[in-house]
Amino acid sequence: MASPSTAATLSWSSSSWLHSFVGRSNEISKCPDKRMPMVIWAQKKAKKTRKILLKEDVTDLGKKGQLLDVKPGYYRNYLLPMGKAQIITPGLLKEMRMEEERIEAEKKRVKEEAQQLALIFETVGAFKVKRKSGKGKQIFGSVTPQDLVDVIKAQLQRDVDKRIVSLPEIRETGEYIAELKLHPEVTARVRLNVYAN
């Protein structure tokens, strides 16, 4: 326990300290109760990171073009000197957004062209392919995707890659449905009329 002289010194020094802030003695009564707890908010140490864009694939970090948060030291000491990443700036974000919009517009244009081409193929009617026939409806050989590509080229003056053509097995005369995969989301169904000459 503190001695009486020490307690008096403490009470005198605390009251003089209080007077220096509050002023007159009648204002001391307006101060809040000294027993009220004082609330102190503690803040955690802020984690510092850098937003970066990877210029190439980095093992255990990410793929090229990916946006990531990394520690500043890792960026400064490894990624930057090796040329594997760059800091994200407002200008770079704007460029990236414009590039994405351009790519999306190009994809939309390609899809619309494929839809128009599919409409043309489907409204033409049946493409006719001649084959030598045997007994009844039997034909010699079979009709291949290249045959359909040649007929399309002759009738519509359009070049079509034979790898996008899907045909059923055709071994006799008649009408068949062929599919042309013009776009991942657009497939044209065309009629193919195989007849004997």
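This is a predicted model: local features need pLDDT of at least 70, side-chain atom pairs count only at pLDDT 80 or more; totals for chains, interfaces and linings use all residues.
An unreviewed UniProt entry lists residues 62–89 as "domain: Ribosomal protein L9". In the model, the chain over residues 62–89 is 39% helix and 25% strand. The C-alpha atoms at the ends of residues 62–89 are 19 Å apart.

Helix H2 spans residues 72–82, and Tyr74 is placed in it. On the surface, Tyr74 forms a nonpolar patch with Tyr78 and Met82. Together these residues have about 280 Å² of accessible area. Tyr74 has a relative accessible area of 33%, so it counts as partly exposed. In general, an α-helix has 3.6 residues a turn, so residues three or four places apart point the same way.

## Residues 93–120

The annotation "coiled-coil region" in the unreviewed UniProt entry covers residues 93–120. The model gives this span as 100% helix and 0% strand. Its end C-alpha atoms lie 41 Å apart.

## Helix H4

Helix H4 has 12 residues, numbered 145–156. From its first C-alpha to its last, H4 reaches 16 Å, close to the 16 Å expected at 1.5 Å a residue. Just after H4, Gln157 takes a positive phi of about 55°.

The buried residues of H4 are Asp147, Leu148, Val149, Val151 and Ile152.

Terms used: Residues are numbered from 1 along each chain as its sequence is written. Side-chain values use heavy atoms; hydrogens and water are left out. Patches are made of residues with over 30% relative accessible area and no salt bridge: like charges are joined within 9 Å, nonpolar side chains (Val, Leu, Ile, Met, Phe, Trp, Tyr) within 5 Å. Accessible areas come from the Shrake-Rupley method with a 1.4 Å probe; for residues, only the protein chains shown count as cover. A salt bridge is a side-chain nitrogen of Lys or Arg within 4 Å of a carboxyl oxygen of Asp or Glu. Helices (H or I, at least four residues) and strands (E, at least two) are DSSP runs, numbered from the N terminus. Buried means under 20% relative accessible area, exposed over 50%, partly exposed in between (1.4 Å probe, protein chains only). UniProt positions are given in the numbering used here, feature names are shortened, and annotations may be inferred rather than shown by experiment. The expected span of a helix is 1.5 Å times one less than its number of residues.
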